[in-house]
Amino acid sequence: CVDGDTHTCGSYDCKDPDAPPVPDPYYPDAAWYLEAIRAPEAWAAGYTGDGVQILINDDGVDNTHPDLAKLDVTNSCDVYAPCAKARGPNAGLIDSHGTNCAAIAAADSNSACGVGAAPGAGIAACVVLGDCTTKASEDTLTHNYNVNDISSNSYSNDDCERYATSATDCPFECPSVSSADCPCDACDGDDWSSGQLSSTCEDAVVDYCTSYFNDDVTPCLELDHYFIRCGYGQISSYAHNQLLEGTTNGRGGLGTVYVFSAGNEYDLGIDVNYKNYAKTRFTMCVGAVHADLTHSDYSTSGAPVFITAPGGDGGNMAVARPVANGVTDNCADAGQGTSFSTPLVSGVVALVLEANPNLSWRDVQGLLAATARTDFNDEDDDTGQWTTNQAGVKHSYKYGFGLIDALAAVTAAPTWATLPA
C-alpha cells in the first residue's frame, strides 16, 4: 500500500495511512528492520529485486515453504535442501539457518509469514554448512554466476587462536575467580614484556580470557599480537582465485556481488581482520545493529567492516522456518547475529541491480558506501568509532560506512557514474 491508495492489499485498506505496505501476516514483526533500512520506501519507488537472483550459501533452503517456493532449483547446487539434525537436543529438526537467511533476503510477499528485503528477487541455494552428510559438490562461490548475481554468505571463517595479553606485571584483576583460576599464579615468573610467555602461562590466559573476557577487557586486548595469532586467518589461494573469477567474469563480466557476515565474536575481542573471506576487497563485510540502531554487542568489529544492517535482538525477527519442523504458521524468530544482517544487505543489492543492472561489483560497493547513513543514532564519533578519511568519507570499525539505506541506494543507482575496473 501507498498512503492514500484506493486499492486493497490483502486484508488491508490502502486508504488507511497506517496500512502495512504488504499483505504478509507477520509483516508487523519484520517492520522494524525493513523500515530501518527504508526497504518499503524502495518498494514504493518501484523496486522489488525483479530480474535479480541471490545465491544463498548456507545449510539449505526449504522450497516447500510458500515464501520460498520460487527457489531456482536448476541454478542451485546439487545439494540445496536442508537436512535433519542427527544428534543433540534438536535431533530430527531440519536445519533452519539457510531458510531464515533466504527469507530475510527475498521471501515472497504473499499470505504466508513475512516478506524479504527484495520480495521480487529470485533465489538459489547451495548447502555448504549444517547436518547434511553430503555438501554441494560445485564451486559455490562461482556457481552459475551468470544467473546468480549475488552471493550471500552468512558465515565467516575464523581460525584464529586466542592467546595472552601482555604488561610489565600481571595485568589481570580477576574479580570473579579465585587466585587458582587467575592467570597470575600460573604465569608467576614469566616476563610479560618479553613476548615469550611459557606454554603454561599461555594456556592459563587462553582459558581465562575465553571465559571471563568482560571482567578484564583491557588486559585481554592490550597487546593484540599476544592475544591472537592468525596463521590460518589468511584466505587460501584457491578461495582468492574463486573470488577473483567471480568478480571478473560473473554477471557477464560485471562481476558477482559477494556479501559476507562479520561474525558474532565482539565479546571475545576478535577483529574482522583475522577472518579470511570477510576482509578481502572482493567482498562486503556486514556488521549488525540492534533495534535501537546501536552496535549489536555480538557484531565483530574492525577496519574491514563495510556496511551495517539490523541483525536482531533475539526474539524480534519473525521469518520462514522449515515446514517439516511444524512451528506455528511455519514462521518463527530467526534469532540474532550478523548472519541475518547479511541477507538484508543482499536483498538491498538486488533492489539496486534492478534499478541499474549495468553496475559492476565495484559500483555496487561504491554506491552502497556513498548512500549509507552515518546519522542513524545519537552516539558521538568516539563511541561509534567513526573516523573521516583523506577523501572526506566517514567510516567506523563498528558500522563500516554506515547503516544501509535501500531508498537512497535505488535512487542513486540509475545515474551512478561507473567506477574503473
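Guide: We'll talk about some charged pairs, then a pair of helices.

Visitor: Before that, what kind of model is it?

Guide: It's a predicted model: local features need pLDDT of at least 70, side-chain atom pairs count only at pLDDT 80 or more, and totals for chains, interfaces and linings use all residues. Residues are numbered from 1 along each chain as its sequence is written, and side-chain values use heavy atoms, with hydrogens and water left out.

Visitor: Okay, how many salt bridges are there?

Guide: The count comes to seven. A salt bridge here is a side-chain nitrogen of Lys or Arg within 4 Å of a carboxyl oxygen of Asp or Glu.

Visitor: Which residue pairs up with Glu-41?

Guide: That's Arg-38, with N to O at 3.6 Å. Arg-38 also forms a salt bridge with Asp-405, where the closest N and O atoms are 3.0 Å apart.

Visitor: And where do Asp-405 and Arg-38 lie?

Guide: Asp-405 is in the loop between strand E14 (394-396) and helix H12 (406-412), while Arg-38 is in the loop between helix H1 (27-36) and helix H2 (39-44), so the pair ties together parts that are 367 residues apart in sequence. Helices (H or I, at least four residues) and strands (E, at least two) are DSSP runs, numbered from the N terminus.

Visitor: Is Asp-405 buried or exposed?

Guide: Asp-405 counts as buried, at 4% relative accessibility. Arg-38 is partly exposed at 25%, and Glu-41 is partly exposed at 37%. Buried means under 20% relative accessible area, exposed over 50%, and partly exposed in between, using a 1.4 Å probe and protein chains only.

Visitor: What joins Arg-38, Glu-41 and Asp-405 into one network?

Guide: Salt bridges that share partners do that.

Visitor: Switching topic: how do helices H9 and H10 cross?

Guide: The axes of H9 (residues 338-355) and H10 (residues 361-371) come within 11 Å and cross at roughly 110 degrees. That makes H9 roughly perpendicular to H10, a label for angles of 65 to 115 degrees. Axes are lines fitted to C-alpha atoms, for helices over the stretch in contact, and angles run from 0 to 180 degrees between N-to-C directions.

Visitor: Which residues make the contact?

Guide: From H9 there are Val-348, Val-349, Val-352 and Leu-353, and from H10 Val-364, Leu-367 and Leu-368. Contact means heavy atoms within 4.5 Å.

Conventions: Parallel < 35°, antiparallel > 145°, perpendicular 65-115°, else oblique.
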